[in-house]
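Please read the following report alongside the sequence and the model.

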Amino acid sequence: MLSKFRTGLFILLSICITVQAQDDKKIRLFIIGNSFSQNAATFLPQLAEEGGMELELGRAELGGCSLERHWKLAESGEKAYKGKSLREMLADGRWDIVTIQQYSLLSGDPNTYEPYARKLVELIRSLQPGAKIFIHQIWAYRNDAKAFGKIKGDERAKNAEEMHRHVRAAYHKAAAELGLTIIPTGDAFRAMDASRKWHYNKDTTYSFDAPQAGRLPDQTNSLHVGYIWREGKLAFDANHANTAGCYLGSLVWYRTLLGGKVKKVKFKPETVSAPMAKKFRQVVAKL
């Protein structure tokens with residue numbers, strides 16, 4: 001009788017251990033951000049799958065949403081995230097990783113981070129004490145943007161390089177003060193733009209004043225959406241990442257958040273050339 005009891009107990013313990021092991025393989029990542037975090041995490045599920053990881057994403061992302069707005073929504077309890085409040089989403093089970101970021105326009109001005117970043121971090125730590133919190137350092141706008149991000153009040157950066165410097169400094173300041181780990185996506189973008197071979201150059205032969213319908217300028221090596229035809233008009237987006245930029249960002253997230261070995265990654269979007277994908281992997285591996 002005792003032998004049967006021990007056998008049954010052993011089987012029960014084995015089942016419990018197996019279930020726990022299966023649960024431990026799943027990584028739950030909660031993103032508090034905006035369109036830039038949407039861009040950067042675009043291909044993270046594919047990369048995680050290739051790396052043999054089970055990834056679950058929770059997303060509290062609103063276009064153009066700043067740290068201030070996220071905090072005020074959390075404070076008010078407004079159900080602004082597809083019918084749920086930020087507090088409700090954060091409290092849903094156990095999150096292993098939580099990310100925050102500033103709105104790109106304000107990212108270069110450190111005065112816009114506080115007290116909102118601190119309050120959000122305090123909320124996260126109160127609801128998810130076991131989670132590791134990262135802050136996503138976004139990228140600068142494309143070098144031919146009509147205007148760049150703010151660096152002090154209404155003062156704007158004069159070019160992409162200056163925007164990157166201020167953005168990087170502001171994120172590092174916040175990370176140091178709040179004890180967060182940086183996701184250095186902006187550094188990866190800058191490394192590509194600083195490369196003589198992979199630098200994007202504006203097409204000086206294109207007629208921007210009188211564009212031919214359906215025809216686009218040469219945008220080789222661009223990591224941003226840039227010029228597109230929309231509803232019969234030539235539109236311009238120097239801020240958001242295109243497919244290549246999204247892939248680069250996802251590689252950074254994969255390495256930083258999940259410990260992925262980017263040099264061994266085989267997945268790439270079809271529109272990203274093999275040489276560019278190889279360069280991305282080299283850049284990210286050095287971050």
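The chain holds ten helices and nine strands, where helices (H or I, at least four residues) and strands (E, at least two) are DSSP runs numbered from the N terminus. This is a predicted model, in which local features need pLDDT of at least 70 and side-chain atom pairs count only at pLDDT 80 or more, while totals for chains, interfaces and linings use all residues. Residues are numbered from 1 along each chain as its sequence is written, and side-chain values use heavy atoms, with hydrogens and water left out.

Taken along the principal axes, the C-alpha atoms fill a box of roughly 90 × 45 × 35 Å. Of the 287 residues of the chain, 47% count as buried; here buried means under 20% relative accessible area, exposed over 50%, and partly exposed in between (1.4 Å probe, protein chains only). The accessible surface comes to about 14800 Å², with 52% of it belonging to carbon and sulfur atoms, as computed by the Shrake-Rupley method with a 1.4 Å probe. Among the contacts (heavy atoms within 4.5 Å) with a separation of 6 or more, 69% join residues 24 or more positions apart.

Helix 4, residues 67-76, has Leu67, His70, Trp71, Leu73 and Ala74 buried. These residues lie on the same side of helix 4 because they cover an arc of only 160° around the axis, the arc being that of the directions from the helix axis to the C-beta atoms. The buried residues of helix 4 pack against strand 1 (26-33), strand 2 (54-61), helix 5 (86-90), strand 3 (97-100) and helix 6 (116-127), whereas the face turned away from the buried side carries the exposed residues Glu75 and Ser76. Just after helix 4, Gly77 takes a positive phi of about 80°.

Helix 8 is mostly covered, with seven of its ten residues buried, namely Thr185, Gly186, Asp187, Ala188, Phe189, Met192 and Asp193. In the loop between helix 8 and strand 8 (224-230) is Thr220, which is partly exposed at a relative accessible area of 48%. The C-alpha atoms of Thr220 and Asn201 are 7.9 Å apart in space, and the two residues are 19 apart in sequence.

On a 1 Å grid over the protein atoms alone, a cavity is a set of points where a 1.4 Å probe fits but cannot get out, and a pocket is an open set with protein on both sides within 12 Å along at least five of seven lines; lining residues have an atom within 4 Å of a point. By this rule there is one cavity of 30 Å³ or more. Helix 8 gives the most to the lining of the largest cavity, with five residues, and helix 7 (160-178) supplies at least two. For the largest pocket, the largest share of the lining, five residues, comes from strand 9, while helix 2 (35-40) supplies at least two.

| Space | Volume | Lining | Residues nearest the centre |
|---|---|---|---|
| Largest cavity | about 170 Å³ | 19 residues | Ala140, Tyr141, Phe189, Asp193 and His224 |
| Largest pocket | about 220 Å³ | 17 residues | Tyr103, Ser104, Tyr141, Asn239 and His240 |

By class, the lining of the largest cavity has nine nonpolar, seven polar and three charged residues, and that of the largest pocket has eight nonpolar, six polar and three charged residues.

Terms used:
Grid points are joined across faces, edges and corners, and a volume is the space filled by probe spheres set on the points. Ala, Val, Leu, Ile, Met, Phe, Trp, Tyr, Cys and Pro count as nonpolar, Asp, Glu, Lys and Arg as charged, and the others, Gly among them, as polar.
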